Amino acid sequence: MSSEENENKLTEAEAKDAEANLQVKPLFIPYKMGTFNLSHRIVLAPLTRTRSYNFIPQPHAALYYSQRTTKGGFLICEASGISETAQGYPNTPGIWKREHVEAWKPIVDAVHEKGGIFFCQLWHAGRVSNYNYQPNGEAPLSSTDKPVRPKIQADGSRISKHPPPRRLRTDEISTLVNDFRAAAKNAIGAGFDGVEIHAANGYLLDQFLKDQVNDRDDIYGGSLENRCRFPLQVVKAVAEEIGPHRIGIRLSPFTEYNDCIDSDPQALGIHMAKSLNQYGILYCHVIEPRMVSLLERCDDETRFSLRPIRNEFGGTFIVAGGYNRNEGNEVIANGGADLVAYGRLFLANPDLPLRFQLDAPLNKPDKSTFYTQDRVVGYTDYPFLQLSNSQ
């Protein structure tokens, strides 16, 4: 038996001892998120997996998501494009066509059959795209005409380059708002329980929020209020379409992903939290300041904290950013969050809640397979914890 197989086995006696001695940890205290009854506080974070060939969700995604589903568990699907201008990477899923809706249905059904709650993340890449992903080979859309500086890909494989984007005209913003609205309607039509609006990680909505990217001189640029206008219009439109009780938003005011930076991220996060309250949305999902890059956390002291943002937002507050088991329990216990989203650990450990509950060993994520197109390797082949018979 390999060492990896050994790591994924507990004897029945060990499992029984662990369960008998288990005190209810904060991550396993049930939580009521609006109308949804969650059995634990561990959330599957939205993770780009690049296995949706030709932008169409594939049947193998049903296994991937169902593997990570527990009864009463909350899952957020990978970023899904809201329109034909939204895509920025190969083989990411869409939610703007009827064929996308039909392709998502059996995937959503697989999660619901195991008792999970499933939200669709609505996404527009903005300037983080290339001509070959755009209709008629046109320039990507953005708040600006400044391109993203070349950067090393998240998996370290190569340097990505993006062409100069086209600055959206003021009169075009309403079209994008309606694209988000229509995509939200499609997501509900596919059976999702709700949607998460992706306003983080340097993509389109974040490009409007951050003042080092947004160089506009119209009503969508300049002041904090103006820069937040477009994302909040999206929230309002989607709330009107499917109801605020089905809406979350993801923010990353402190991060610099995709060359997207703000000069006062704390003020940006607080302003958005206050503004979101007027729409009564279900949750706000925010990335920790320590996540200076997409896959690496920095544990050096930072003057920034999510606590002021958490204190201002009236709904469920979800944190993300390199959390382990103990840190997740701690942030729930001290009131810093209601839920904790896990990405790489959940990717590599489809039974992460069980492993956390038993404090069992964890599989290590394989970065080299994060963004391949293989429908099995690095996707559905991570081993589950096995219980071996004791003599």
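I take buried as under 20% relative accessible area, exposed as over 50%, and partly exposed as in between, with a 1.4 Å probe and protein chains only.

**Entry 1: the ground rules.** I am working with a predicted model, in which local features need pLDDT of at least 70 and side-chain atom pairs count only at pLDDT 80 or more, while totals for chains, interfaces and linings use all residues. Residues are numbered from 1 along each chain as its sequence is written, and side-chain values use heavy atoms, with hydrogens and water left out.

**Entry 2: the core.** I found that the largest nonpolar core has 84 residues, of which Tyr65, Phe230, Ile249, Leu276 and Tyr342 touch the most other members. Helix H7 gives the most to this core, with ten residues; helices here are DSSP runs of H or I with at least four residues, strands are runs of E with at least two, and both are numbered from the N terminus. I also noted a second, separate core of 16 residues, with Phe36, Ile117, Tyr283 and Ala341 among them. Taking contact as heavy atoms within 4.5 Å, I listed the partners of Ile249 and, leaving aside residues up to four places away in sequence, found among them Glu196, Val235, Met272, Leu276 and Tyr283.

**Entry 3: the chain as a whole.** I counted twelve helices and 17 strands in the protein chain, and buried residues make up 57% of its 391 residues. Of the contacts with a separation of 6 or more, 74% are between residues 24 or more positions apart.

**Entry 4: H5 against H7.** Helix H5 (residues 173–189) packs on H7 at an angle of about 35 degrees, with their axes 9 Å apart; axes are lines fitted to C-alpha atoms, for helices over the stretch in contact, and angles run from 0 to 180 degrees between N-to-C directions. On the H5 side I listed residues including Leu176, Phe180 and Ala184, which belong to the set that meets a set in H7 including Phe230, Val234 and Ala237.

**Entry 5: single residues.** Ser66 lies in helix H3 (residues 60–67) and is buried, with a relative accessible area of 13%; beyond residues up to four places away in sequence, Ser66 touches Ala110, Val111 and Lys114. Lys32, in strand S2 (residues 31–33), counts as exposed at 53% relative accessibility.

**Entry 6: backbone angles.** Most residues other than glycine have a negative phi. Asp359 has a positive phi of about 50 degrees, lies in the loop between helix H12 (352–358) and strand S17 (386–388), and counts as exposed at 52% relative accessibility.

Technical notes: Core = buried A, V, L, I, M, F, W, Y, C linked by side-chain atoms within 4.5 Å.
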